[in-house]
Amino acid sequence: MSTVRRVGVLTGGGDAPGLNAVIRAVVRACKVAYGVTVVGISEGFTGLVEMRARELDLDDISGLLVRGGTILGTTNRGNPFRYAYRRPDGVEELVDASGTAKKNVEKLGLDCLIVIGGDGSLSIGERFWRELGIPVVGVPKTIDNDLSATDYTFGFATAVQSATWALDCLHTTAESHHRVMLLEVMGRDAGWIALHAGLAGGGDVVLIPEIPFRFEPLIAKFQARERRGRPFSLVVVAEGAAPAGGSQVFAGQDAITGWKRLGGISASIAQEIEARGGYEVRATVLGHIQRGGTPVPNDRILASRFGIEAARLAVEGSFGSMVALRGDEIVAVPLADAIGRLKKVDPQCQLMKAARAIGIVFGDENPEDASDSEG
Ligand code: F6P
């Protein structure tokens with residue numbers, strides 16, 4: 001007989017389509033299957049430090065499956081171990097507020113906290129469990145699909161869908177104007193979104209962080225396409241990609257946490273392609289469109305399965321664990337094994353070989369091979 005009567009749930013870090021589906025599944029499973037109360041914490045860990053929480057009922061989750069974002073709110077800030085506290089004089093300083101968070105877990109009467117987040121939020125959850133003894137169950141979330149302990153994260157399929165839609169749009173206008181069109185997609189230091197969207201949307205060139213690229217193979221590919229009567233090309237650029245010997249481009253930095261936000265590399269790539277090849281080039285940065293909107297069915301299903309299993313682990317008392325997808329099974333893995341190691345694209349993996357086999361150029365080829373890739 002479980003002693004768990006009240007379960008807290010929070011969403012941390014950047015949002016991802018499917019977060020609401022997890023919340024819905026957690027509430028349904030807890031209330032209907034186990035008769036356990038669910039408390040929703042607002043704005044990630046911030047709500048725990050500042051005591052912003054409310055009980056979630058079945059009415060609160062009605063219609064949530066199709067809604068992007070998170071009804072709980074989320075933030076990239078709010079790490080209780082390095083909490084940005086605003087002093088009365090308006091100056092922000094970093095303080096350790098983890099003790100306050102722990103007290104608030106007790107005040108709220110939580111027997112377990114379900115943390116839905118990416119590597120950053122799950123790392124905080126792991127410290128809550130290991131250092132503070134707060135019972136935690138993790139649910140992996142990120143559109144980047146870069147968490148090593150799970151085959152896929154929800155939100156990724158929706159992001160790929162949006163990026164593929166954008167490529168389909170760029171395709172027709174590229175063809176009309178005989179242009180080279182660049183699409184910059186998210187993914188941080190992993191090229192998963194770029195690779196999948198490039199495959200699904202007919203990208204001619206895909207630039208990913210795992211492969212430093214040179215311009216010569218790109219130009220060779222465009223020229224080969226011209227010779228074949230295709231005087232236009234599509235280039236998918238992961239935001240974390242960088243030329244060989246060059247560096248990544250950042251769009252900004254958080255003043256308090258120091259976290260650096262990638263973005264903007266496609267503008268300089270476009271200039272260089274224009275200068276080297278004489279092409280007319282346009283760059284589109286897809287941005288947060290990839291993070292919003294209605295989750296695709298695969299993400300709704302994965303998010304629901306994660307939520308159901310997280311509720312079961314919480315009620316069973318399997319703390320310090322995280323749900324993960326392995327093959328077609330949802331399994332529990334130790335939180336400690338799930339954090340700190342990013343899953344990157346292996347340049348030798350089967351998917352990469354398939355991409356190269358159908359002619360996609362990654363920028364590390366000999367120019368002759370890039371030419372040949374047009375068949
Ligand atoms: O990790 C998800 C992600 O969307 C990355 O792909 C991107 O680099 C980053 O978050 C953007 O963060 P923000 O929403 O703070 O601009």
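**Entry 1: two helices**

I started with a crossing: helix H6 passes helix H11 in a left-handed way, meaning the near helix is turned anticlockwise from the far one by less than a right angle. This is a predicted model, where local features need pLDDT of at least 70, side-chain atom pairs count only at pLDDT 80 or more, and totals for chains, interfaces and linings use all residues. Residues are numbered from 1 along each chain as its sequence is written, and side-chain values use heavy atoms, with hydrogens and water left out.

I looked up the axes of H6 (residues 192–200) and H11 (residues 350–357): they come within 11 Å and cross at roughly 40°. That makes H6 oblique to H11 (under 35 degrees is roughly parallel, over 145 roughly antiparallel, 65 to 115 roughly perpendicular, the rest oblique). Axes here are lines fitted to C-alpha atoms, for helices over the stretch in contact, with angles from 0 to 180 degrees between N-to-C directions. Helices (H or I, at least four residues) and strands (E, at least two) are DSSP runs, numbered from the N terminus.

Which residues of H6 meet H11? I found Leu195, His196 and Leu199 on H6, against Leu351, Met352 and Ala355 on H11; contact means heavy atoms within 4.5 Å.

**Entry 2: the four-stranded sheet**

H6 also lies across S8, S9 and S10, at about 170° to S9. Those strands belong to an open sheet ordered S9-S10-S8-S13, with parallel pairing; strands pair if DSSP finds at least two bridges between them. I noted S9 (205–207) and S13 (281–285) as the edges, each pairing on one side only. S8 (residues 180–185) and S13 share five bridges, and Glu184 has Val285 as its bridge partner in S13. Helix H5 (residues 156–177) lies across S8, S10 and S13, running at about 165° to S8.

**Entry 3: the seven-stranded sheet**

Next I traced another open sheet, S3-S2-S1-S6-S7-S14-S15, with mixed pairing. Its edge strands are S3 (53–56) and S15. Five bridges join the parallel strands S1 (residues 6–11) and S6 (residues 112–117), and Val9 has Ile114 as its partner in S6. Helix H9 (residues 297–316) lies across S1, S6, S7, S14 and S15, at about 145° to S14.

**Entry 4: Val331**

I ended in S15 (residues 329–334), where Val331 sits. Is Val331 buried, partly exposed or exposed? At a relative accessible area of 26%, Val331 is partly exposed (buried is under 20%, exposed over 50%, partly exposed in between, using a 1.4 Å probe and protein chains only). Leaving out residues up to four places away in sequence, Val331 touches Met322, Val323, Ala324 and Arg326.
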